[in-house]
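Okay, thanks for coming, everyone. Let me put the structure up and walk you through a few spots in it.

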Amino acid sequence: MTLTRSWVTSANSAKTPFPLNNLPYGVFSINDGARRLGVAIGDQILDVVQTADQLPVDQGVLTDPRGWNGLMDLGSDSWSSFRAALVTLLKDGATEHPDALVPQAGAQMHMPFAVSEYTDFYAGKHHATNVGTMFRGAENALPPNWLHIPIGYNGRASSVVVSGTDIQRPWGQLKGPNEDTPRWGPSQRFDIELEMGAIVGHPSNGPISVDQADANIFGYVLLNDWSARDIQAWEYQPLGPFQAKATATSISPWIVTKEALDPFRCATPAREKDLLPHLRDTGPMLYDVALSVSLNGETIAHTNYNEMYYSAAQQLAHHTTSGCPMRVGDLLGSGTISGPEKENRGSLLELSWGGKEPMTLASGATRSFIEDGDTLALHGAAKGDGYQIGFGDCTGTLLPAAKDPFAQ
Ligand code: MN
């Protein structure tokens, strides 16, 4: 695939994250005005209501207060016809509609869809091996189920926020000096997790195949699963993380559609043990998306979505095996995406090896975990021939903890 040219000239650069090949969906406002649905094109946003007469959906879809859920509700044939109409509208040689464009530079981005449910997985093998080695030793790093199912936990849809939202350091119950004497305090080991989020666009009610799961996914975002490691260490056995993961989860502001990512499909890595038939890959369902993390603007890690052991389709299929209904707007976090080398680690927990090997930044400062005022950003792009499919950054700045919320 090569670049498809647009009459929006900034969309024809090899460097823009938003060429005509991408057309991701977001929600924006200008000067604190009403929220509007938009499509990123170059350094502009197409305000879709302004071109409603050329788009094959009802006005209600383009003014849905939830965001893009209304388009998802229409089903995958409409996802394709809507995208095709956008291509027709914006391609080079089409009638130009400069009045329907808004510069991204002056726009405030909002949640692109209403998150109905949120599940987070633990499906990156390098991450699970690193964390397991730290806590249980190299011989017991992966639990016995890990190579057979994508492990996950039910998260909180209410905690999902859009990129740019400040995050406040949480208070929590932490391990004290003795195993049975906890203490109450602000988290001292606050962390990120570099992940991708898959958005379910078609509902299901009962078990679905991996193929059907792939068909039901609407698109992808970058996702940062903010994690309080000290709260997690005290609470996680036996039911998994709870308050450690409930402060916030940030997502990038643009939904990149499955169709835009199609040229970048790739297979999951070789299986170490055969999966049961219902979870086996039937085709390439991962994506080659280069990912990186920056701390106050300095790159501290880089990896690729193709490192995942399980695809989002496998995760979604597994999620439904019990009969669990899935809804439009269900968000599935991939799990932390690390790679084989130290510089490929997708969390500070791994980068500083549990705080034992602090990172040294270019300024000479060191970090084991996030300090107050630090800005963490996730970046992602699928690299094509002379173009790229970007996601828009997923950023958040850590604010100091509040005063003790229970102090008298
Ligand atoms: Mn996670």
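Quick housekeeping. This is a predicted model, where local features need pLDDT of at least 70 and side-chain atom pairs count only at pLDDT 80 or more, while totals for chains, interfaces and linings use all residues. Residues are numbered from 1 along each chain as its sequence is written, and side-chain values use heavy atoms, with hydrogens and water left out.

Back to H4. Helices here are DSSP runs of H or I, at least four residues, strands are runs of E, at least two, and both are numbered from the N terminus. H4 covers residues 125-136, and its end C-alpha atoms sit 15 Å apart, which agrees with the 16 Å that its 12 residues should span at 1.5 Å a residue. That expected span is 1.5 Å times one less than the number of residues. His127, Ala128, Asn130, Val131, Gly132 and Met134 of H4 are buried, meaning under 20% relative accessible area with a 1.4 Å probe, protein chains only. Helix H9 (348-351) is included in what covers them.

H4 also gives the most to the lining of the largest pocket, four residues. A pocket, on a 1 Å grid over the protein atoms alone, is an open set of points where a 1.4 Å probe fits, with protein on both sides within 12 Å along at least five of seven lines; lining residues have an atom within 4 Å of a point. There's about 610 Å³ of space in this one. Of its 26 lining residues, Tyr122, Val131, Gln232, Tyr236 and Pro241 are closest to the centre.

Now the metal. The manganese ion has protein donors from Asp120, Glu193, Glu195 and Asp225, lying 2.1 Å from it. Donors are N, O and S atoms within 2.8 Å of the metal (3.2 Å for Na, K and Ca), and water is not among the atoms, so the site may look incomplete.

Last stop, phenylalanine 369, in the loop between strand S24 (366-367) and strand S25 (375-383). Is that residue buried or exposed? Phenylalanine 369 is buried, because its relative accessible area is 6%. Beyond its neighbours within four places in sequence, its contacts (heavy atoms within 4.5 Å) include Phe190, Arg229, Leu348 and Leu349.

Methods: Buried < 20%, exposed > 50% of the residue type's maximum accessible area, 1.4 Å probe, protein only. Points joined across faces, edges and corners; volume = space filled by probe spheres on them.
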